[in-house]
Structures are given as C-alpha cells and as structure tokens.
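Here are some notes to read alongside the model. Please keep the structure open as you go through the points.

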Amino acid sequence: MPTYLYCVIPAGCDPPAASRVGVDAASVRSLDAAGMSAWVSSVADPSLTPSVARARAHDQVVRDAMARATPVPARFGQLLADDAALAQWIADRRQSLLDSLARVSGCVEMTVRILLASREASPGQAPRESGSAYMRWVRERQQARQSVTDQAEFLRTSVARAVEEAGVVREEKWAAVTPGARSLEAAHLVPRESIARHREVVRAAVERDHRMKVMLSGPWAPYTFCAAGHE
Amino acid sequence: MSSGTNRPNGALPAPRVDVSEGSIEAFEAELRAVARTLPDRINADPDHVENGLARLVLTVVELLRNVLEHQAIRRMDGGSLSEEQVERLGLSLMRLNERMTELKAAFHVTDDDLNIDLGPLGRLR
C-alpha cells in the first residue's frame with residue numbers, strides 16, 4: 001500500500017497519538033529513517049485528488065507534529081510506493097532535510113499581507129479620440145502602477161527594518177512586487193516565543209507608521225521556508 | 001535577525017487571522033482576486049475547455065500587449081518618434097486594446113482572470 005508523507009521531524013520526538021488520523025481517515029504513524037522521523041499513513045487511494053477535506057487533514061497532522069518540534073512539512077500529495085521506498089527517499093535527502101530541520105527549529109511561519117493603494121489612482125477608461133491621447137493614457141497608467149510599486153518597496157523596507165530591529169524574525173521571504181500589484185505579501189519565520197511580539201511590531205510598522213491596512217495570520221508550519229521534497 | 005536554537009517545543013497557539021480595523025472586506029476581495037490567479041489546470045470538461053484555453057491564450061497575448069505598450073512609451077518619451085508616428089502607434093495599440101476587450105467579453109474573461117501568477121516573477125498585471 002502506498003505511503004503518504006506528512007512531515008519529517010527530529011528523531012526522538014514523541015510519535016503521533018494512536019488515535020490520530022490523517023488523509024482519508026488513515027492512521028498516522030511514525031517511521032524512523034536516516035536519523036529522523038517521518039509521520040506517515042498508508043493510503044488506499046493512490047490518486048489522492050486534492051480536496052479541502054484532504055488538505056485540512058494533512059495540515060492537522062503537521063500541526064500535531066509542531067506540538068513536538070517544528071517539522072519540515074511535506075506539501076500535500078507526497079506519496080511513495082511503500083515504507084521502504086520512503087525510508088530510501090529520506091536517506092537520499094538526509095543532509096538537506098537535517099539542514100532544513102535546523103533552519104526552522106523552534107520557529108513558526110507567520111504571513112503578512114499589506115493592502116497597497118487601490119487602482120483608482122490609475123486613469124479611467126482608455127480614450128478613443130486619437131492615437132496620441134491613447135499613448136498619453138497608457139503613460140499615465142504606467143506611472144500610476146509604478147507609484148504603487150514604489151510604495152510597496154518603501155513599505156517592504158520599512159517592515160523588514162522594524163522586524164529586524166525587534167529581533168522577532170529569523171528569516172523572511174517577500175513575494176515579488178510587480179506594477180499594478182494590489183497587495184504586498186511576506187512570510188516570516190518567527191521564533192515561537194516571539195509570535196505575539198511579531199504581531200505588535202508588524203502592526204505598528206504598517207498601521208502607525210504608514211497608516212496602511214495589514215492582515216497577519218499564523219502560526220503555520222514553515223511551508224514557505226522548507227518542504228520535504230522541495231528542499 | 002534573531003538566531004535559532006534547538007529547543008523542545010510546547011503547545012502552539014491556534015492559527016489566527018488579524019486584520020486592521022475596517023479592512024475585512026478589502027482583504028476578502030484581495031484574497032479572492034489572488035485565488036483566481038493561482039496556477040490552475042485547464043478544465044477538460046468538453047463544455048468548458050474552450051474557455052480554459054482562451055484564458056491561457058489571452059493571458060499570453062495580454063503579456064505581449066503590455067510589453068509592446070511599454071516599448072512604445074519608452075520610444076515616445078525618448079523623443080525618437082515624430083508626432084505622426086506617435087499617432088499611428090497609438091492608434092494601433094488602441095485597436096489592439098479594443099480587440100482584446102472584445103475577446104475577453106466573448107469568452108467571459110475578466111482582467112483578473114488574466115492576472116496569472118508567474119511565481120518568482122510576480123503577477124502579470
């Protein structure tokens with residue numbers, strides 16, 4: 001029966017509770033391999049069509065593992081032929097997985113999304129009276145989009161400086177900002193003891209210093225910073 | 001940045017979403033728009049496959065159209081075009097824009113549908 005991988009955690013952590021079930025209500029167990037532990041299930045349906053229920057079941061198992069130690073989570077759908085194949089798969093990536101475990105140890109992922117100025121700043125409908133007027137309209141639209149990009153870069157720098165000065169982020173990843181973007185998004189790798197402080201620092205940097213709107217969510221498993229099979 | 005250490009982990013607080021006051025609807029709208037730009041499979045349903053392919057093709061055309069407009073503005077601002085050339089170039093781009101609008105309407109595709117996520121390059125629009 002195929003073996004489904006949820007995450008990899010350091011060796012020596014408590015195994016999942018005997019009652020813990022995961023994708024398709026399959027029992028979750030711990031499989032030791034290459035000096036680490038993998039949380040896995042044997043699944044009957046190898047097609048594993050993505051669904052909200054299955055994705056939630058996957059994440060809930062990863063969250064359970066996070067109560068023991070920060071794992072290297074697997075993305076949804078990581079399936080191997082059997083336990084032996086999974087053990088070999090882990091052995092083949094041993095150093096990379098160990099590096100990832102060290103990288104995220106003691107941390108969680110927090111996501112930050114900041115709303116940028118709306119596109120109302122861009123000129124209205126395209127003019128139709130002449131080619132020259134259309135060209136001027138295109139230029140105005142490009143300038144409006146560029147101003148949003150400049151604003152995003154300024155905000156990014158400001159928030160990055162605030163979290164660095166407060167020491168609440170070990171690592172950060174910002175989504176690329178393109179002309180016309182409507183929001184600015186970041187993932188922060190945050191030490192567990194700094195979760196509350198991280199919220200305060202980011203909100204202050206965005207709301208108080210820039211009078212902008214922010215959405216903070218988490219704590220999550222560190223999917224953005226490492227994923228088994230995508231190291 | 002703070003440095004990390006290996007330490008035993010305790011109970012983790014439940015995930016929470018905090019939004020700035022008065023901004024819930026704005027974030028909902030933004031997340032819906034983002035969700036529409038996530039990479040998707042082409043719908044193989046015979047009744048809808050045409051729309052999925054049209055979205056893909058129109059996205060590529062829109063990307064090229066944006067590149068053309070950028071180049072045109074750069075040439076205009078660089079002073080290398082006469083007034084007549086600016087007018088002719090503008091008319092061409094305007095008609096291309098109008099044609100795109102017609103095609104989007106024909107296939108029930110919106111601007112947000114063409115705002116695909118190009119991964120590390122960001123989004124198209």
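1. Strand 3 (residues 36-42) of chain A is mostly covered, with six of its seven residues buried. Buried here means that 20 or more other C-beta atoms lie within 10 Å of a residue's own, while exposed means 12 or fewer and partly exposed falls in between; C-beta atoms are placed from the backbone. Strands and helices are DSSP runs numbered from the N terminus (E, at least two residues, for strands; H or I, at least four, for helices). This is a predicted model, in which local features need pLDDT of at least 70 and side-chain atom pairs count only at pLDDT 80 or more, while totals for chains, interfaces and linings use all residues. Residues are numbered from 1 along each chain as its sequence is written, and chains are lettered from A and ligands numbered from 1 in the order in which they are written.

2. Strands 2 and 3 of chain A form a hairpin with two residues between them, and A:Ala34 in the turn has a positive phi of about 55°.

3. Now look at the sheet that takes in both chains. Five strands form an open, antiparallel sheet in the order 7(A)-8(A)-6(A)-9(A)-1(B). Its edge strands, each pairing on one side only, are strand 7 (171-174) of chain A and strand 1 of chain B. Strand 9 (residues 214-220) of chain A meets strand 1 of chain B in antiparallel pairing over four bridges, and A:Met215 is opposite B:Val19.

4. The bridge partner of A:Glu172 is A:His188 in strand 8. Helix 4 of chain A packs on the sheet, touching strand 6 (107-115), strand 7 and strand 8 of chain A; its direction makes about 15° with that of strand 8.

5. Helix 4 (residues 131-166) of chain A also packs against helix 3 of chain B, at an angle of about 70° and with the axes 7 Å apart. That makes the two helices roughly perpendicular, a label used for 65 to 115 degrees (under 35 is roughly parallel, over 145 roughly antiparallel, the rest oblique). Axes are lines fitted to C-alpha atoms, for helices over the stretch in contact, and angles run from 0 to 180 degrees between N-to-C directions.

6. How many residues of chain B are in contact with chain A? There are 39, facing 47 residues of chain A; contact means C-beta atoms, placed from the backbone, within 7 Å. Helix 3 of chain B gives the largest share of the chain B side, nine residues.

7. Finally, chain A as a whole. There are five helices and nine strands in chain A, and its C-alpha trace spans about 70 × 40 × 30 Å along the principal axes. Buried residues make up 42% of the 231 residues in chain A.

Terms used. Contact = placed C-beta atoms within 7 Å. Pairing = 2+ DSSP bridges.
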